[in-house]
Amino acid sequence: MELIATLATVFVAFLHFYIMYIEMFLWDTPKGMKIFGLKPDFAKASKVMAANQGLYNGFLAVGLLWSLWLGDGGSHVTIFFLLCVVVAGVYGAITSSKKILFVQGLPGLMALIAVLLTG
């Protein structure tokens, strides 16, 4: 079960690196606009905000990898960052798009459950 928890946490971390990349570098490109369902004018006007949002997703990813690097002593850090991911997914679903709950929140929740079951 510990391996599953670790792999799930790594998956969530890399998912957030990918989200960071899209938000910071592809937001106003055809691919970024397609992923997020944006119109060109809105994408251009919100590019700086999206880059800032992407940076936060990068922090979540780094925090998750750092928690794994800490080893057994990092389980509380892993739980904290996975809770942050779940809360961000729920908040995003409420305020922006229900899709965020499934893309971000559900993987975070599954990883969190796996981590808690190993404890």
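**Figure 1. Overall fold of the predicted model.** Among contacts between residues at least 6 apart in sequence, 56% join residues at least 24 apart. The coordinates belong to a predicted model. The protein contains 6 helices and 0 strands, and its elements follow the order α-α-α-α-α-α from the N terminus. The C-alpha trace spans about 50 × 25 × 20 Å along its principal axes. Of the 119 residues, 37% are buried. The protein exposes about 7,400 Å², and carbon and sulfur atoms supply 74% of this area.

**Figure 2. Segments annotated as transmembrane regions.** The UniProt record, an unreviewed entry, places the feature "transmembrane region" at residues 6–27, 48–69, 75–94 and 101–118. Two of these segments are described here. Over residues 6–27, the chain is 95% helix and 0% strand, and the C-alpha atoms at the ends of this segment are 30 Å apart. Over residues 101–118, the chain is 100% helix and 0% strand, with a separation of 24 Å between the end C-alpha atoms.

**Figure 3. The salt bridge between Lys47 and Asp28.** Side chains of opposite charge can pair when their charged atoms come close. In this model the count comes to 1 salt bridge. The side chains of Lys47 and Asp28 form a salt bridge, with an N to O distance of 3.3 Å. Lys47 belongs to helix H4 (residues 47–69), whereas Asp28 lies in the loop between helix H1 (2–26) and helix H2 (30–36), so the pair ties together parts that are 19 residues apart in sequence. Both partners are partly exposed: Lys47 has a relative accessible area of 37%, and Asp28 has a relative accessibility of 30%.

Figure 4. Tyr18 is placed in helix H1. With a relative accessible area of 39%, Tyr18 is partly exposed. When neighbours within four places in sequence are left aside, Tyr18 is in contact with Lys31 and Ile35. Trp66 is 48 residues from Tyr18 in sequence, and the C-alpha atoms of Tyr18 and Trp66 are 17 Å apart in space.

**Figure 5. The nonpolar surface patch.** Helices H5 and H6 (99–118) each supply at least two residues of the patch. H6 gives the most, with 7 residues.

**Figure 6. Ser75 in helix H5.** Helix H5 comprises residues 75–95 and includes Ser75. Ser75 counts as partly exposed, at 30% relative accessibility. Leu64 is 11 residues from Ser75 in sequence, and the two C-alpha atoms are 10.0 Å apart in space. Residues 75–94 are among the segments that the UniProt record lists as a "transmembrane region".

Conventions: Residues numbered from 1 in each chain as written. Predicted model: local features only at pLDDT ≥ 70, side-chain atom pairs only at ≥ 80, totals over all residues. Heavy atoms only, no water. Helix = DSSP H or I, 4+ residues; strand = E, 2+ residues; numbered from the N terminus. Buried < 20%, exposed > 50% of the residue type's maximum accessible area, 1.4 Å probe, protein only. Contact = heavy atoms within 4.5 Å. Areas by Shrake-Rupley, 256 points an atom, 1.4 Å probe, with all protein chains shown as cover. UniProt positions renumbered as here; feature names shortened; annotations may be inferred. Salt bridge = Lys/Arg side-chain N within 4 Å of Asp/Glu carboxyl O.
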